[in-house]
Amino acid sequence: MASTLATAPRARSLPEGARAPRPFVKWAGGKGRLLPQLTPMLPPGVHLMRHVEPFVGGGAFFFARRPERALLADVNPALIRSYEAIRDDVEGVIGALDVLAAGHRAGDEEQSKAHFYRQRERYNTDEEGRTAAQHAALFVYLNKTCFNGLHRVNRRGAFNVPFGRYANPTICDAPALRAASRALGQATLKTQPFEALVAAARPGDFVYFDPPYEPVSETASFTSYARQGFQRADQAALRDVFADLDRRGCKLMLSNSDVPFIRDLYARWRIDTVAAARAINCNARRRGKVSEVVVRNY
C-alpha cells in the first residue's frame, strides 16, 4: 500500500519557558526510545486529527505529540485514575508524593525497603478514605521504586512487584508532573477495553494501538498488567477492531512483536519494521535490539 509520510507533524506549542511533558511513570513497552522511528510514520495532516490511544500505558507518544484533542484509554483502572488526578489536581499529587518520598531515604536501603512494602500493602488494602491525589501518588511512588518499574498484579488484582534497588530514585519530579498535567488538560480519559473504540472512534481520528505484545517465546510475556492477561484470542479481536475502524475511515497505526502470528493477522495492511531496545529483562545480557512491526492502513 502506497503512503506519503508526514515528515514534520506539528505539536501543540508550549508556553514560554514551560517544560516539555513526558511520561510520569515507567511502563513496560513504553515508546520513548522508538519515537524517532514512529514519528515519520504518522499520516499527513495528523495535527488536525483527534489522537486516540486505547492502550495508553505511559503515554510517551501522546506526550511527545501534544495533540490539541485526545482520547486516552486503558483497561487498567489504577492507571487511568492516576492520569485523571494528575490532570485535575496535580498540586495535590505533588504534595502526597513529597510525603511518600520522605520515607524513602537515599543510602538507607533497609529503611526504604520497609517503607516500600508498607506502602504497597496500603495501596492494596487501604483504599477507603483515600483521595484521588493520594491514590495517584501511591501509584507513582510504587512505580518509581519497584523492580524495573513494572506494573503487575496477581489474580486478586493486587500489585505484587517487589522492591527495586535504586540508589536515589526521583520520586517526585514536580515540574514534570505539572507539564504532564498541562498536556492532559484537554484530553478525555476512559477506563475501557479496546473494543469500546468501535463506538467511540470517529472517521478522521488517528488511532495508535500499542497493545500487550504477542510473546516471542514461552517466557517473554509481560501481559499481566491488569487482572486479565492478553491472549491470542484478544490479538485476533484487536485485528477485527482494526479492520472495522479501517472501513470507517480512521487512520491507524499499530505496534507489536515481529512474529509470524502478528504478521499473518495484519497481512492485508502495510507492515514495516523498527528496531526497538529491549529494556526490561531480569538478565541484562538479554537486553538489546529486537525487531518490532508497525502496521498502518495508509
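I looked up the lining of the largest cavity and found Trp27, Tyr123, Phe139, Leu142, Asn143, His151 and Phe159. The model is predicted: local features need pLDDT of at least 70 and side-chain atom pairs pLDDT 80 or more, while totals for chains, interfaces and linings use all residues. Residues are numbered from 1 along each chain as its sequence is written, and side-chain values use heavy atoms, without hydrogens and water.

I noted the term: a cavity is a set of points, on a 1 Å grid over the protein atoms alone, where a 1.4 Å probe fits but cannot get out, and lining residues have an atom within 4 Å of a point.

I searched the whole structure and found one cavity of 30 Å³ or more. I recorded a volume of about 40 Å³ for the largest cavity, a volume being the space filled by probe spheres set on the points, which are joined across faces, edges and corners.

I asked which helix gives the most to this lining. Helix 6 (residues 132-145) does, with three residues; helices are DSSP runs (H or I, at least four residues) numbered from the N terminus.

I then turned to packing. Helix 5 (residues 109-125) and helix 6 pack at about 135°, with axes 10 Å apart; axes are lines fitted to C-alpha atoms over the stretch in contact, and angles run from 0 to 180 degrees between N-to-C directions.

How values were computed: On a 1 Å grid over the protein atoms alone, a cavity is a set of points where a 1.4 Å probe fits but cannot get out, and a pocket is an open set with protein on both sides within 12 Å along at least five of seven lines; lining residues have an atom within 4 Å of a point. Helices (H or I, at least four residues) and strands (E, at least two) are DSSP runs, numbered from the N terminus.
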